[in-house]
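Hi,

Here is the structure I promised to pass on to you. Please open it next to this email, and follow along as you read.

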Amino acid sequence: MNNICYPFANTPLGYEYDALEPFIDEKTMCLHHNRHLQAYIDQLNEILEKNPALQKRTLKDLLLNWCRLPGCVQIPIRNNAGGVYNHRFFFESMGAQRGKNDAPSGGLAEAINRQFGSFPHFKAELKKEALSVFGSGYAWLVMEQCCLKIVTTANQDTPLRYGVCPLLNLDVWEHAYYLKHYNVRAAYIDDWFQVVNWNKVEQRFYENAEAAWQL
Ligand code: MN
């Protein structure tokens, strides 16, 4: 099972549920991975089970082309495939390397400085955008051609359809923080910055830059 197409499975996190303490609490991580992501995976598998013609399509392909799918599955696929993609991406964007890698370096650091002036200014911009999401959604750092950009998406939408390459996402659904931070999204965002796995973000940045150079 390659896990990029049906049947999807929930793979373990790359770290323990309590690895992000005290910034993101164990119970939130456990429920978020074990219940919320699991539910999206189960619902996506259920839809695809009833639609064998779609079973060989990859997760990304489903998300890029949901509006060309049969009408009755468009919205369920958009929501559930999005829920799987966004959560996998979000969990992989965090890690237990806290303190060792609390800021980007190399080419990504240079690109952030070029685009946003400085790393603290980038953080302030991302926080502002994440706070601006009304209701549920995500804030993203993406690459559009060779430029970095911050965008937001509602619900479980992804920015993939806009032809950009996602580098980092921040889940601002209340389930991502309510147990610890209650309704204070700003405090959650500050804590989340402490556990971003910048090595992973850099890896995505270089992979995308390499792909762009090969075009
Ligand atoms: Mn979530």
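Let's start with the sheet. Three strands make up an open sheet with antiparallel pairing, in the order β2-β1-β3. The edge strands, β2 (147-154) and β3, each pair on one side only. On average, neighbouring strands of this sheet are turned by 25° against each other, direction ignored. As background, strands of a sheet pair through backbone hydrogen bonds, either parallel or antiparallel.

Before we go further, a word on the source: this is a predicted model, in which local features need pLDDT of at least 70 and side-chain atom pairs count only at pLDDT 80 or more, while totals for chains, interfaces and linings use all residues. Residues are numbered from 1 along each chain as its sequence is written, and side-chain values use heavy atoms, with hydrogens and water left out.

Back to the strands. Strand β1 (residues 137-144) is joined to β3 by 6 bridges, and the two run antiparallel. Leu 141 has Leu 168 as its bridge partner in β3. Helix α4 (residues 106-116) lies across β1, β2 and β3, at about 80° to β2. For such angles, axes are lines fitted to C-alpha atoms (for helices over the stretch in contact), and the angles run from 0 to 180 degrees between N-to-C directions.

Next, the metal. Which residues coordinate the manganese ion? They are His 32 (NE2), His 87 (NE2), Asp 171 (OD) and His 175 (NE2), at 2.0 to 2.1 Å. Donors are N, O and S atoms within 2.8 Å of the metal (3.2 Å for Na, K and Ca); water is not among the atoms, so sites may look incomplete. His 32 lies in helix α1 (residues 26-49) and His 175 in the loop between β3 (165-171) and α6 (178-181), so this pair ties together parts that are 143 residues apart in sequence. Both His 32 and His 175 are buried, where buried means under 20% relative accessible area, exposed over 50%, and partly exposed in between (1.4 Å probe, protein chains only).

Another residue to look up is Arg 204, in helix α8 (residues 198-214). Arg 204 counts as buried, at 7% relative accessibility. Its side chain reaches the backbone oxygen of Leu 167 at 2.9 Å. Leaving aside neighbours within four places in sequence, the residues in contact with Arg 204 (heavy atoms within 4.5 Å) include Phe 89, Glu 92 and Leu 168.

Finally, how many salt bridges does the structure hold? There are 6, counting a side-chain nitrogen of Lys or Arg within 4 Å of a carboxyl oxygen of Asp or Glu. In one of them, the closest N and O atoms of Arg 57 and Asp 61 are 2.5 Å apart. Arg 57 is partly exposed at 26%, and Asp 61 is partly exposed at 23%. Lys 128 and Glu 125 also meet in a salt bridge, at 3.7 Å from N to O; both lie in helix α5 (residues 119-132), 3 residues apart, about one turn of the helix. A further salt bridge links Glu 144 and Lys 149 at 3.0 Å, N to O.

Happy exploring!

Terms used: Helix = DSSP H or I, 4+ residues; strand = E, 2+ residues; numbered from the N terminus. Polar contact = N/O pair within 3.5 Å; in protein donor to acceptor, adjacent residues only side chain to side chain. Pairing = 2+ DSSP bridges.
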